[in-house]
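Welcome, and please open the structure in your viewer. We will go from stop to stop, selecting a few residues each time.

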Amino acid sequence: MAVDDTPTVAEVERRVATTVRQSLPASWQVTETFEPKGRSQRPDLEIEIEAPDGRRTRLVVEVKQVVDRRDVARIGDLVRSMTTGPTDIPVVGARYLSQSVREALTEGGLSYVDATGNMRI
């Protein structure tokens, strides 16, 4: 009997948050909120980042198991609709993002993180 090693969406969310956290210097403050409450349409994950000088940003992350190139525009519209401020960054998270999908996300002005470590913010 084969074991399914495909991570759940919750596991992908945790991996995305960990990848972001580990890419930042230890002196930066990072706070993750999984499925934030309070809005009817909300992202799967919010990551608040504060630099030592007090500058802040919020990564607004929509997580999908699989993202195909044809899905990029739709997902981009969705995640952009969930940003609320000038320092919000729309991010697409996934289990794995192929090179062509990463290129489409970049061309569309979107940031991304996947569970394998590919990241562009």
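Start by selecting helix H3 and look for its buried residues, which are Val 101, Arg 102, Ala 104 and Leu 105. Here, buried means under 20% relative accessible area, exposed means over 50%, and partly exposed lies in between (1.4 Å probe, protein chains only). Looking down the axis of H3, you will find these buried residues within an arc of 160°, so they line one face of the helix. That arc is taken from the directions that run from the helix axis to the C-beta atoms.

Before moving on, a word on the model. It is a predicted one, where local features need pLDDT of at least 70 and side-chain atom pairs count only at pLDDT 80 or more, while totals for chains, interfaces and linings use all residues. Residues are numbered from 1 along each chain as its sequence is written, and side-chain values use heavy atoms, leaving out hydrogens and water.

Now show what covers the buried residues of H3: the cover includes H2, E4 and strand E5 (111-114). Helices (H or I, at least four residues) and strands (E, at least two) are DSSP runs, numbered from the N terminus. Just after H3, select Gly 109, which has a positive phi of about 75°.

Next, select helix H2, residues 72-81. Which of its residues are buried? They are Val 72, Ile 75, Gly 76 and Val 79. These cover an arc of only 105° around the axis, which puts them on the same side of H2. An α-helix has 3.6 residues a turn, so residues three or four places apart point the same way. The buried residues of H2 pack against strand E3 (56-66), strand E4 (88-96) and helix H3 (99-107).

For the next stop, go to Ala 10 in helix H1, residues 9-23. Ala 10 is partly exposed, with a relative accessible area of 35%.

Finally, zoom out to the whole protein. It has three helices and six strands, running α-β-β-β-α-β-α-β-β from the N terminus on. Its C-alpha trace spans about 50 × 30 × 30 Å along the principal axes. Of the 121 residues, 39% are buried.

Methods: Contact = heavy atoms within 4.5 Å.
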